Amino acid sequence: MTKSFATRLGDIQPFRVMELLARANALQAAGHQVIHMEVGEPDFSTPEPIIRAGERALHDGQTRYTPAQGIPALREAISRHYQDTQGVDVAPERIFVTAGGSGALLLCSALLLDPGQGLLMTDPGYPCNRHFLKAFSGEGQLVPVTASERYQLTPELIDRYWADNTRGVMLASPSNPTGAMLSSAEMAAIAETVRRRQGFLVADEIYHGLTYDEPAISALVSDPDAFVVNSFSKYFGMTGWRLGWLVVPDNAIRDVEKLAQNLFICPSSISQSAALAAFTAQAKEIMERQKEEFRQRRDFLAPALAELGVGVPLMPDGAFYVYGRLGDGLPDSETFCHRALEEQFVAVTPGTDFGFHEADRHVRFSYAQQLDLLEQGVERIAAAIRNQSGTAS
Ligand SMILES: Cc1ncc(COP(=O)(O)O)c(C=O)c1O
C-alpha cells in the first residue's frame, strides 16, 4: 500500500515557470540558443559593493546564527530606507529580516489564518502567495481582475468578494505578472475598506524601486498597521542571496518572532552583512542605472508585442513583465508557450501560472533580458504567432 501525503498538496500546483526554465536550460545544453523571456529575476549580477561586503563578511567570520529577527544594523538601515523613500517611521523593532520575500510571506501565512480562513487576492497574481496560505490550510480567495480595473483590487471588488471566512486582503504593487501599481489614492481606499471590515492588509512590495513613471507608494503610508513584504531580490539584484523583510504592527512582533525562531532560526548571516552595502550611494547608483535599462526595455517590448497583435491594454508601471493577451486564432497559452520554446527557442510563461481568469489566453513576457536579445526574442515570438495562427482548437 502506498502512503499518501497531506491532502493540501492536491491544491498546490507546481510553479510552472521553474519547470519551463529547466526545459529551456536543457535545450540550451543540447546546443540551441534559447532566448529567455520567462525569467523572474534581473539579468544583472549583484552590484559590486554588495558582493564585496559579502566577501568581507565571510572572511570576518560572519558565518554563525544571528538574532531570529535579523541583525540590528540591517533593520536600522531598512528603517532609514522607509524614512528616505516613503517618509514613514518604521521602528527597527517592527522589521523582520527573512529568507527572501518568500520567507516573509510564509510568516504572514502562519500568523494570520486559522484553517479554512482566507485572504482576498487578485487573479492573475503571484501563484506562490496562495500556495503559502494553502500550506497552512488557509486559502487565497481569488478575485478576477482585468485591465479595466488595472489588474488590481478595488474597494468595490473587496466588498463584493468578502466572505464570512475572509480575514483580509493580500495585494501586490507593482504586481507580478501585470506590472500594475496602485496609486496612493487607490491604496488608501483599499486600506480604508479593509480597516472598516477589521481585516488584515498584507502588501507585497517586492518590486518597489523598479517603477518607471512614478515611485511606488508603500501601504504603510495609508495603514501603519499593514503587513508589508519586501525583498532584496529584485531592485537590489540579490535573488540567490535569499534575503527580504517583513514589517509588522507592534502587536504582532512577539508572535512573528516566535514563528521566525521556530521556522528559520535566522536569515543568512553572510547575506545580511552583504545587504548592508545595498543602501550605500555606490550601490544605489548601480541599481538606478539598471532600473533605467529596464525602463528602456519596457518601452521597447510593450509596443513591439502590441504590433504583433498581442493585446497589451496597460503599459506596465513597474516590475519587469508584460502581461499580454494572445490574439484570436492562436491556441491556448500553454500550447503556445510550449511550441514557442520547442520550435522557436524562445521561453515565455503561460498565464496559467498566475491563476485561472482568462489564464489560457494570456502570456507573461519578461524583459529581465538584454535589449538585443529581446529584439531577437520578439522576432521569434512573431514567428511563433505566424506558425500557430489558425491552430486554435
Ligand atoms: C510578487 C512576488 N512576491 C514574492 C516573490 C518572492 O521573491 P523572493 O523570495 O526572491 O523575494 C516574487 C518572486 O518572483 C514575486 O514575484
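**The sheet and its surroundings**

Modeller: In this predicted model, seven strands form an open sheet with mixed pairing, in the order β2-β8-β7-β6-β5-β3-β4.

Colleague: Which strands stand at the edges?

Modeller: β2 (95-98) and β4 (139-144) do; each has a single partner strand, so one side of each is left without a neighbour in the sheet. From one strand to the next, the twist averages 25°.

Colleague: And what packs on the sheet?

Modeller: Helix α3 (residues 72-86) does, touching β2 and β8 (244-247), and its direction makes about 115° with that of β2. Helix α7 (residues 184-196) lies across β5 and β6, at about 165° to β5.

Colleague: How do β5 and β6 run, and how many bridges join them?

Modeller: Strands β5 (residues 166-172) and β6 (residues 200-204) run parallel and are joined by five bridges. Val169, for example, has Leu201 in β6 as its bridge partner.

Colleague: Changing topic, which residues come nearest to the ligand?

Modeller: Of the 13 residues around the ligand, those are Gly100, Gly101, Ser102, Ser231 and Ser233. By class, the shell has three nonpolar, nine polar and one charged residues.

Colleague: Which helix gives the most to that shell?

Modeller: Helix α4 (residues 100-112), with three residues.

Colleague: Lastly, which residues of α13 are buried?

Modeller: Leu374, Gly377, Val378, Arg380, Ile381, Ala384 and Ile385 are buried in α13. An α-helix has 3.6 residues a turn, so residues three or four places apart point the same way.

Colleague: What do the buried residues pack against?

Modeller: Against β1 (35-36), α11 (281-307), α12 (333-344) and β10 (346-347). After α13 comes Gly390, with a positive phi near 80°.

Definitions and conventions: Residues numbered from 1 in each chain as written. Predicted model: local features only at pLDDT ≥ 70, side-chain atom pairs only at ≥ 80, totals over all residues. Near = placed C-beta within 6 Å. Helix = DSSP H or I, 4+ residues; strand = E, 2+ residues; numbered from the N terminus. Nonpolar A, V, L, I, M, F, W, Y, C, P; charged D, E, K, R; others polar. Buried ≥ 20, exposed ≤ 12 C-beta atoms within 10 Å, placed from the backbone. Contact = placed C-beta atoms within 7 Å. Pairing = 2+ DSSP bridges. Axes fitted to C-alpha atoms, helices over the stretch in contact; angles between N-to-C directions.
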